[in-house]
Amino acid sequence: MEANHLIYPMAALITLTFAVFLTLPFLRFVAVRSKKVSGKFYRLMQGATEPDLPAAFSQNYKNLLKTPVLFYAVCLLLIVLNRIDQFFIVLAWIYVGSRVIHSLVYVSYNHVLHRLAIFSASCVVLGIMWVRLVIDLG
């Protein structure tokens, strides 16, 4: 299999991360402009409570910089070691799809149990990718 089969899901997850990141300043500007929070709050993120929507996007962005690092690492290893097969490609897209759904839940109705279930599923998929890679190398 060619490397681009894993680069596409990686690029999709990077696109999601940038979409959340680039939406955040707009939401914060709107919150300040509508006087839901003082602009001074954003200097040190102290002294007030951030409105729900920008807070959700901020937390989601932070979340997109955590476990996805392990996804990028396993994908890069698969590419470098030339171990890409259909199983990894399907799992990569399932992982990305679950992260998209997780983000949509996070920034919309934000039901904690739904978020947890989707996040857990994505972690299981990521774990399977790592275990399979290690077994294949052994």
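## Close-up views of a helical chain

**View 1. With 27% relative accessibility, Asn-110 counts as partly exposed.** Here, buried means under 20% relative accessible area, exposed over 50%, and partly exposed in between, using a 1.4 Å probe and protein chains only. The model is predicted: local features need pLDDT of at least 70 and side-chain atom pairs count only at pLDDT 80 or more, while totals for chains, interfaces and linings use all residues. Residues are numbered from 1 along each chain as its sequence is written, and side-chain values use heavy atoms, leaving out hydrogens and water. Asn-110 lies in the loop between α5 and α6 (112-137). Although Asn-110 is not a glycine, its phi is positive, at about 50°. For context, most residues other than glycine have a negative phi.

**View 2. Asn-82 also has a positive phi, near 55°, without being a glycine.** Look for Asn-82 in the loop between α4 (68-80) and α5 (86-107). Is this residue buried or exposed? Asn-82 is exposed, with a relative accessible area of 59%.

**View 3. Phe-18 and Phe-21 form an edge-to-face aromatic pair.** Their ring centres lie 6.4 Å apart, with 80° between the planes. Rings of Phe, Tyr and Trp (its six-membered ring) pair if their centres lie within 6.5 Å; planes under 30 degrees apart count as stacked, over 60 as edge-to-face and the rest as tilted. Because Phe-18 and Phe-21 sit three residues apart in helix α1 (residues 4-33), about one helical turn separates them. Both are partly exposed: Phe-18 has 48% relative accessibility, and Phe-21 has 35%. Ring pairs also bring in Tyr-61, giving a cluster of Phe-18, Phe-21 and Tyr-61. The structure holds five aromatic pairs.

**View 4. The charged end of Arg-115 sits over the ring of Tyr-106.** The distance to the ring centre is 3.9 Å. A charge sits over a ring if NZ of Lys or CZ of Arg is within 6 Å of the ring centre and within 35 degrees of the ring normal.

**View 5. Stepping back, the protein chain has six helices and zero strands.** Helices (H or I, at least four residues) and strands (E, at least two) are DSSP runs, numbered from the N terminus. Along its principal axes, the C-alpha trace spans about 55 × 30 × 20 Å. Of the 138 residues in the protein chain, 36% are buried. Among contacts (heavy atoms within 4.5 Å) between residues at least 6 apart in sequence, 77% join residues at least 24 apart.
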